[in-house]
Amino acid sequence: MSISDLQLIETAKRARERAYARYSNFKVGAALSDENDQIHIGCNVENETYPLGSCAEDGAIAAMVVTGGRRIVTIAIVGGYDELTACTPCGGCRQRIAEFADERTRILMIDESGDWTEHTIDSLLPSSFRLPD
Ligand code: THU
């Protein structure tokens, strides 16, 4: 059974409810499916030492890697203060996603117009850093 976009979005919303966003109050949740048809989730975890906080995507990717997943098939990201608002992955998370993405990877998010949109990693992070072979 393949994992539907709706399932990932609902899972990301549930992950977001667990966010520890004590300082920004901006709660983010991420849910991704991997090449093994497993779902992994993450939420942002802030810290009193602000730069130590981590992003939702970071947590979901770490959860994928530790269970053996190496490719993001689809990732859904949701964020907002109280209600969901536009939430695109930060620059660092674009690079993190790029590490485990290919041209088929789908990145789902709510854009500035309030609509769900689908992106590729190349559209979000063109010419991303790669070590030479
Ligand atoms: N945040 C994420 O979790 N993912 C992103 O891609 C953007 C920002 C979090 C970090 C911080 O806890 C809060 O959102 C406000 O920046």
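Reply: Strand β3 is largely enclosed by the rest of the structure, because eight of its nine residues are buried, where buried stands for under 20% relative accessible area, exposed for over 50% and partly exposed for what lies in between, with a 1.4 Å probe and protein chains only. The model is a predicted one, in which local features need pLDDT of at least 70 and side-chain atom pairs count only at pLDDT 80 or more, while totals for chains, interfaces and linings use all residues. Residues are numbered from 1 along each chain as its sequence is written, and side-chain values use heavy atoms, with hydrogens and water left out. Helices (H or I, at least four residues) and strands (E, at least two) are DSSP runs, numbered from the N terminus.

I72 lies in β3, and at 0% relative accessibility this residue counts as buried. Leaving aside its neighbours within four places in sequence, I72 is in contact (heavy atoms within 4.5 Å) with L32, S33, I61, M64, I97, F100 and T105. C90, which stands 18 residues away from I72 in sequence, is 17 Å from it in space, C-alpha to C-alpha.

On one side of β3 comes β1, joined to it by eight bridges in an antiparallel arrangement; two strands are taken to pair if DSSP finds at least two bridges between them. Within this pairing, the bridge partner of G29 is V78 of β3. β4 pairs with β3 in the parallel sense, over three bridges, with T74 opposite R106 of β4 and I75 opposite I107 of β4. The chain passes from β3 to β4 by way of helix α3 (residues 91-99), and this β-α-β crossover is right-handed, meaning that, with the strands pointing away from the viewer, the path from the first strand over the helix to the second runs clockwise.

β4 is itself mostly covered, as four of its five residues are buried. Four bridges join this strand, residues 106-110, to β5, and the two run antiparallel; L108 faces E118 of β5, and M109 faces T117 of β5. β4 and β5 form a hairpin with five residues between them, and G114 in the turn has a positive phi of about 85°.

Seen as a whole, the sheet is open and has five strands in the order β2-β1-β3-β4-β5, with mixed pairing. Its edge strands, each pairing on one side only, are β2 (39-43) and β5 (116-119). Neighbouring strands are turned against each other by 15° on average, direction ignored; axes here are lines fitted to C-alpha atoms, for helices over the stretch in contact, and angles run from 0 to 180 degrees between N-to-C directions. Helix α1 (residues 5-16) packs on this sheet, touching β1 (27-34), β2, β3 (72-80), β4 and β5, and its direction makes about 140° with that of β1. Helix α2 (residues 56-66) packs on the sheet as well, where it touches β1, β2 and β3, with its direction at about 145° to that of β2.

Further out, the loop between β2 and α2 holds N44, a residue that is buried, with a relative accessible area of 7%. Not counting residues up to four places away in sequence, N44 touches A19, Y20, A21, F26, K27, V28, S54, C55 and A56. A polar atom of the N44 side chain lies 3.0 Å from the backbone nitrogen of V28, a polar contact being a pair of N or O atoms within 3.5 Å; within protein, one atom must be able to donate a hydrogen and the other to accept it, and residues adjacent in sequence count only if both atoms are side-chain atoms. N44 is also among the residues around the ligand, which include E46, A56, E57 and C90, a residue being near a molecule or strand if one of its heavy atoms lies within 4 Å of it. An oxygen atom of the ligand is 2.5 Å from an N or O atom in the E46 side chain, and for the side chain of E57 the corresponding distance is 2.6 Å. From A56, a backbone N or O atom lies 2.9 Å from an oxygen atom of the ligand.
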